[in-house]
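This briefing covers a metal site, a helix and a sheet. The entry is shown below.

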Amino acid sequence: MKTAHDKAIGLAMHKRLTELYPICRSITGDGVRKTLSNIKSSVPLEIHEVPSGTKVFDWIVPNEWNIRDAWIKNAASEKVVDFKRHSLHIVNYSTPIHKTMSLSELKTRLHSLPDQPDSIPYRTSYYEEDWGFCLSHNTLLSLSDGDYEVCIDSSLGPGNLTYGEFFLPGAVSDEVLFSAHVCHPSLANDNLSGIVVAAALAEQLAQMDQLHYSYRFLFVPATIGTIAWLSRNTAGAKRIRHGLVLSGLGDAGNMTYKRSRQESATIDRVLANVLLSNGSAHTLERFSPTGYDERQYCSNGFNLPVGRLSRTPYGTYRQYHTSEDNPDFIQPESLAESLRILRGVIRVLESNHVYVNTQPMCEPQLGRRGLYGLLHDKVEAIAMLWILNLADGHSTLLDISERSSIPFDCIQRVASVLELKGLLRKAN
Ligand code: ZN
């Protein structure tokens, strides 16, 4: 249900997203550190540094990249492209350079989008030393012949890869994982929306007492950061019972859930259930070995029950990987709804108990126990019959919700009433 509280949280997440937007993040470097330190102001993150050159499975942590400034000046010494105006102007991981060149030579280093002539594209060159600039196609067309002075004040050398981790211990060591990538520069839906929603969720969970599961939040550079985490936590990763990659949670589109490689893991069923109860149109996608960091969590050797929650899938909206993916593209209500759905997921995971009916021989006499007065409506009355019927010491509340097509929250509420009245007890 939407509340004024949800609205305020949506606006707060959008505010944080707008603060983080200008930072030039990458897979390594100070942009990630600045982003993590912003999150640390509300979530007690542990910051990890993995030295360049560290072998992580089949990969090697690359040199650290940092950038201070970059620009292209025309013959009149006017900046025609200025990194300080937009972090997307630089091909991410560009090596340093300072030289003067002709327009035709420069053009081999420029990237634009003829079909979206006002937008700056996002390009990277992580694993191959190179340099280049990105600019709107209209700016490119406006460049006249002549010499251009090009400067990239960056550094690429031994350093670290940085990631943030927040662990919240629960009653059991089994874990629920939330993972968001933090390596995209000024891109709002693709990375910042996942970051701010994950941070808000972590904050809310930290205030809850008596959590059953332990919760782990990872804020990692995509691919290499996740591979580094999995390589350093190969044994610990086995404790992950349920997990979600969070990205693209702020656009106005419908929710999309991509199943884990296991396809029918509990997390897959929980998402299907919660999204159905949420009532808005949504899509359930089958697993594929493409996408974000679910590629690593669901790789053959790990095969963890980790799905991905997004709104409009990456790569299918015009703003994707361009300067149009900015804070104006993000709806506070969408961030709030995404967070609400995640809270619903946690509610199901935390209370997905198995019960035993204490009066299993025929139906118990319900009127005598004053049960009908405790139920709100007809759906709850039907839920009660389903629960009493299926509380066999094996079926979870999620099983009962699925089989009865009654929302989990309703099943859970009625089960608590029945437990209070002594008609149910929790199975061991
Ligand atoms: Zn991306």
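Is His321 buried or partly exposed? In this predicted model, His321 has 22% relative accessibility and so counts as partly exposed, buried being under 20%.

**Zinc site**
- The zinc ion has three protein donors listed by atom: His184 through NE2, Asp190 through OD and His321 through NE2, at 2.0 to 2.1 Å.
- Along the chain, these donors are spaced as H-x5-D-x130-H.
- His184 sits in the loop between strand 11 (175-181) and helix 5 (188-206), and His321 in the loop between strand 16 (306-310) and helix 9 (332-350), so the pair ties together parts 137 residues apart in sequence.
- His184 has 7% relative accessibility and therefore counts as buried.

**Helix 2**
- In helix 2 (residues 30-40), the buried residues are Gly31, Val32, Thr35, Leu36, Asn38 and Ile39.
- Viewed down the axis of helix 2, these residues fall within an arc of 155 degrees, so they line one face of the helix.
- Their packing partners are helix 1 (4-20), strand 1 (46-51), strand 10 (160-168), helix 5 and strand 12 (214-220).

- Three strands form an open sheet in the order 18-17-19, and their pairing is antiparallel.
- Strand 18 (392-396) and strand 19 (424-426) are the edge strands, each pairing on one side only.
- On average, neighbouring strands of this sheet are turned by 35 degrees against each other, direction ignored.
- Strand 17 (residues 354-357) and strand 19 run antiparallel and are joined by three bridges; Tyr355 has Lys426 of strand 19 as its bridge partner.
- Helix 12 (residues 408-420) packs on the sheet and touches strand 17 and strand 19, its direction making about 105 degrees with that of strand 19.

Definitions and conventions:
Residues numbered from 1 in each chain as written. Predicted model: local features only at pLDDT ≥ 70, side-chain atom pairs only at ≥ 80, totals over all residues. Heavy atoms only, no water. Donors = N, O, S within 2.8 Å, 3.2 Å for Na, K, Ca; no water. Helix = DSSP H or I, 4+ residues; strand = E, 2+ residues; numbered from the N terminus. Buried < 20%, exposed > 50% of the residue type's maximum accessible area, 1.4 Å probe, protein only. Arc of directions from axis to C-beta. Contact = heavy atoms within 4.5 Å. Pairing = 2+ DSSP bridges. Axes fitted to C-alpha atoms, helices over the stretch in contact; angles between N-to-C directions.
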